[in-house]
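Take a moment with the sequence and the model before reading on. Then follow the chain from its overall plan to single residues.

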Amino acid sequence: MKEGTSSGAGAAAAANDPRQPSTAKPYAPPKLSPQDLPIDYAGFLAVVFGVIGVMLRYKACSWIAIIFCAQSLANMKNYENDLKQVSMAFMFAIMGLVTNYFGPPRPGSTKR
């Protein structure tokens, strides 16, 4: 009697064995809403550095903003919202670079 139940259990276990190619199921990632996606820190830092580059006229901050824009663009998850944020950060970075390199000199910085 025990042999009959053990062979039936062995057949059921073999049918549910995930190592068998015939019983393998493809992975389906869970569906997430745009509000549940993780925060894009690179996009946020790109905006922050872009604004600092424009307002305080730091060249390094504008260049760092462009680097973070590229990183955020490469890792985009939600195209509609992330593209708006990356484009705004990129515009701030470009405005900072243009004002730094082609604008009037900073007050108090005289060339000798």
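This report goes from the overall fold to the core, an aromatic pair, the surface and the loops.

**Overall plan**

The model is predicted. It has four helices and zero strands. Along the sequence, the pattern reads α-α-α-α. The protein has 112 residues, and 21% of them count as buried. Its accessible surface is about 8,800 Å². Carbon and sulfur atoms account for 67% of that surface.

**The core**

Which residues make up the largest nonpolar core? There are five: Ala46, Val47, Cys69, Val86 and Ala89. Helices H2 and H4 each supply at least two residues of this core.

Val47 shows some of the links around it. Setting aside neighbours within four places in sequence, Val47 is in contact with Gln85, Met88 and Ala89. Ala89 is itself a member of the core.

Ser72 sits in helix H3. Ser72 counts as buried because its relative accessibility is 0%, and the cut-off is under 20%. Not counting residues up to four places away, Ser72 touches Asp40, Ala42, Gly43 and Val86. Val86 belongs to the core described above. Ser72 and Leu83 are eleven residues apart along the chain, and their C-alpha atoms are separated by 9.1 Å.

**One aromatic pair**

A search of the whole structure finds one aromatic pair. The partners are Phe49 and Phe68, with ring centres 5.9 Å apart and planes at 10 degrees. Planes under 30 degrees apart count as stacked, so this pair is stacked. The pair links distant parts of the chain. Phe49 lies in helix H2 (residues 41–55) and Phe68 in helix H3 (residues 59–74), 19 residues apart. Phe49 is partly exposed, at 22% relative accessible area.

Trp63, Phe90, Met91, Ile94, Val98, Tyr101 and Phe102 make a nonpolar surface patch of about 750 Å². Which helix gives the most to the patch? Helix H4 (residues 79–102) does, with six residues. Phe102 is one of the patch residues, and it is found in helix H4. Phe102 is exposed because its relative accessible area, 70%, is over 50%.

**Two loop residues**

Pro38 is in the loop between helix H1 (2–15) and H2. Pro38 is exposed, with a relative accessible area of 63%. Lys77 is 39 residues from Pro38 in sequence, yet their C-alpha atoms are 9.2 Å apart in space.

Arg57 is found in the loop between H2 and H3. Is Arg57 buried or exposed? Arg57 is buried, at 18% relative accessible area. Its backbone is worth a look too. Most residues other than glycine have a negative phi. Arg57 is not a glycine, yet has a positive phi of about 55 degrees.

**Exposure side by side**

| Residue | Relative accessible area | Class |
|---|---|---|
| Ser72 | 0% | buried |
| Arg57 | 18% | buried |
| Phe49 | 22% | partly exposed |
| Pro38 | 63% | exposed |
| Phe102 | 70% | exposed |

How values were computed
Residues are numbered from 1 along each chain as its sequence is written. This is a predicted model: local features need pLDDT of at least 70, side-chain atom pairs count only at pLDDT 80 or more; totals for chains, interfaces and linings use all residues. Side-chain values use heavy atoms; hydrogens and water are left out. Patches are made of residues with over 30% relative accessible area and no salt bridge: like charges are joined within 9 Å, nonpolar side chains (Val, Leu, Ile, Met, Phe, Trp, Tyr) within 5 Å. Accessible areas come from the Shrake-Rupley method with a 1.4 Å probe; for residues, only the protein chains shown count as cover. A salt bridge is a side-chain nitrogen of Lys or Arg within 4 Å of a carboxyl oxygen of Asp or Glu. Buried means under 20% relative accessible area, exposed over 50%, partly exposed in between (1.4 Å probe, protein chains only). Rings of Phe, Tyr and Trp (its six-membered ring) pair if their centres lie within 6.5 Å; planes under 30 degrees apart count as stacked, over 60 as edge-to-face and the rest as tilted. A nonpolar core is a set of buried Ala, Val, Leu, Ile, Met, Phe, Trp, Tyr and Cys residues joined through side-chain atoms within 4.5 Å. Contact means heavy atoms within 4.5 Å.
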